[in-house]
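I hope they are handy to read with the viewer open.

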Amino acid sequence: MLIGKPAAIPSSEITCKDMYVNRRRFLRGAAAAGVAALGAERVGRLISPGIEALAGTKLQTVKSGLTTTGEDLTSYNDVTHYNNFYEFGVEKDEPAMHAGALPTRPWTIRVDGKVAKPKTFDIEELLKLRPLEDRVYRHRCVEAWSMVIPWVGYSLSEFIKQCEPLSTAKYVQFLSYYDSKVELWASRSAIRWPYSEGLRMDEALNPLTLLTFGLYGEVLPNQNGAPVRIVVPWKYGFKSAKSIVAVRFLDKQPPTTWNDMSPGEYGFYSNVNPGVDHPRWSQKVERRIGEPFYKAGRGTLLYNGYGSMVASMYDGMNLKKNY
Amino acid sequence: MKRSTLILLKTGTWVGCLWPLALLVYGAVTNTLGPDPVSKMALTTGYTTLVLLLVSLAVTPARKLVPKLNWLIKFRRLLGLFAFFYATVHLLTYVALYAGFDVNTMATDITKRRFIMSGMAAFLLLLPLAATSTTWAIRKMGGKNWNRLHKLVYVAAIAGIVHYWWQVKPGVLSPLRLTVVLAVLLLARPVLAVVQRRKTRAA
């Protein structure tokens, strides 16, 4: 069984100390670089709410029964320096260098669409809504690499309750932060911003779907989608929208960024499935990030190994057609 | 050019061309190739192949534009062979690290995936060029035939750039820079030929 038993040690205690120390130094550097890049008029605004204070902040967490056991965690350094966050550059190491520019306070999530009434939630309010849980999840990228990440958050369903969706709401759309003056690197790719992702209502309500505020027991680094993101562990990573500013409840399937760009390559569902190849490569195996180059890839699991929790949602569905 | 200058420049070319490989080998031995060493190796060797191909394609237009740079021809074979060398290492990273030497995987990739196809085509086009790179082969084939065969390098470079575009996600424009360079280098040829014809006619 892959899910069930809570980890004996809180994930926050697993990383060795020098990695923590280096990380702080890095984040300070990233914040400073961001400030420098933005120019004088924004400096005051960025310094006063204190990005630095946020970056190293330890979160109060509790254990979770939904954590994944039996996997070695990917190092903090790799989790935070190998990112796809194209608003901050298309190379994997660019978000870590550039995302310091992202202003994570003040931050709100706007909720609208098929809801009792539109609402806006402040990040501080969301952080206190439910106890924050330590949840280790496998993370499988559509590019055939994977990580194991100790996230911090609570089930998205808890938040959805607060949104009071109407019975006509069948889908949820997530929109990421976008400001071309902050995310100067976004215009280097021919992608329509803001980044948009979506889930079917039952997928969004699945307890595994995590509203995520941190990793390794601490506040999310900007490049990992601060201050709040979605994590859907049985789907390819791009389904897990970062730095979300709006949640929309809809009666039909929302447009989503990669599906719009190339529908043949990136399906709306994008459930991890070794049986359905990406047109450009096989999805049968994956490279675990941080492992030496000579180590053979590992077999990819259907639904990324979370089938017991999610497979029933797709009963009777043709997974080859609805990839 | 003085013999000592030439030796110096050739040494510099060797060092420059081997530098990316040296960094990779050092990184592999010390396990410092970053979070995803396999993609680092594949991307570095692929990119270096394209850069060296483009540099070797720049030799002819540079000589035509600036007759003083005629000596550049002495470096073209070296640059071309290094491009082929990196293409070979690039192919090996695929065969060993991505396909795991699995023949079935490779067969599927080559027949089904256009980005693998275009890369393989580029490599196969470079193969006869590398094989006929010796002075002996040039003499044996005769300059005219040799020149004709080596026009394949244009097709190989285009296939390589197409391979790059098909490898990245749609919307990602990273291959644009090298594409523009290749377009300029290819267009420079007919343009320079026309200019030269005008000049000789005027004279």
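1. Let me start with helix α3 of chain B, and with what covers its buried residues: α1 (3-30), α2 and α5 (114-131) of chain B are included in that cover. Please keep in mind that this is a predicted model. The buried residues of α3(B) are B:Leu79, B:Gly80, B:Phe82, B:Ala83, B:Phe84, B:Tyr86, B:Ala87, B:His90, B:Thr93, B:Tyr94, B:Leu97 and B:Tyr98.

2. B:Gly100 follows α3(B) and has a positive phi, near 55 degrees. B:Phe101 has a positive phi too, of about 60 degrees, although it is not a glycine. This phenylalanine sits in the loop between α3 and α4 (103-112) of chain B. Is B:Phe101 buried or exposed? With 9 other C-beta atoms within 10 Å, B:Phe101 is exposed.

3. Next, the pairing of α1(B) with α2(B). Their axes are 10 Å apart and meet at an angle of about 175 degrees, which makes α1(B) roughly antiparallel to α2(B). On the α1(B) side the contact uses B:Cys17, B:Pro20, B:Leu24 and B:Ala28, while α2(B) brings B:Pro37, B:Met41, B:Thr44, B:Thr48 and B:Leu52. By type, these contact residues are 7 nonpolar and 2 polar, with no charged ones.

4. Stepping back to chain B as a whole, you will find 9 helices and 0 strands. Its C-alpha atoms fill a box of roughly 60 × 40 × 40 Å along the principal axes. Of the 203 residues in chain B, 26% are buried. Among contacts in chain B with a separation of 6 or more, 66% join residues 24 or more positions apart.

5. Now for the two chains together. How many residues of chain B are in contact with chain A? There are 18, and they meet 20 residues of chain A. Helix α2 (residues 37-65) of chain B gives the largest share of the chain B side, 3 residues. That side divides into 11 nonpolar, 5 polar and 2 charged residues.

6. In chain A, two cis peptide bonds deserve a look. One joins A:Trp193 and A:Pro194, with omega about 0 degrees, and A:Pro194 lies in the loop between β6 (171-176) and β7. Another joins A:Ala226 and A:Pro227, where omega is about -5 degrees; A:Pro227 is in the loop between β9 (218-219) and β10 (229-231) of chain A.

7. A:Ser196 belongs to strand β7 (residues 196-200) of chain A. This serine is buried, having 21 other C-beta atoms within 10 Å. Leaving aside residues up to four places away in sequence, A:Ser196 touches A:Gln173, A:Leu175, A:Pro254, A:Pro255, A:Thr256 and A:Thr257.

8. Finally, A:Asn304 has a positive phi near 55 degrees without being a glycine. A:Asn304 lies in the loop between β13 (298-299) and α10 (307-310) of chain A, and it counts as buried because it has 26 C-beta neighbours inside 10 Å.

Key: Residues numbered from 1 in each chain as written. Chains lettered and ligands numbered in written order. Predicted model: local features only at pLDDT ≥ 70, side-chain atom pairs only at ≥ 80, totals over all residues. Contact = placed C-beta atoms within 7 Å. Helix = DSSP H or I, 4+ residues; strand = E, 2+ residues; numbered from the N terminus. Nonpolar A, V, L, I, M, F, W, Y, C, P; charged D, E, K, R; others polar. Buried ≥ 20, exposed ≤ 12 C-beta atoms within 10 Å, placed from the backbone. Axes fitted to C-alpha atoms, helices over the stretch in contact; angles between N-to-C directions. Parallel < 35°, antiparallel > 145°, perpendicular 65-115°, else oblique.
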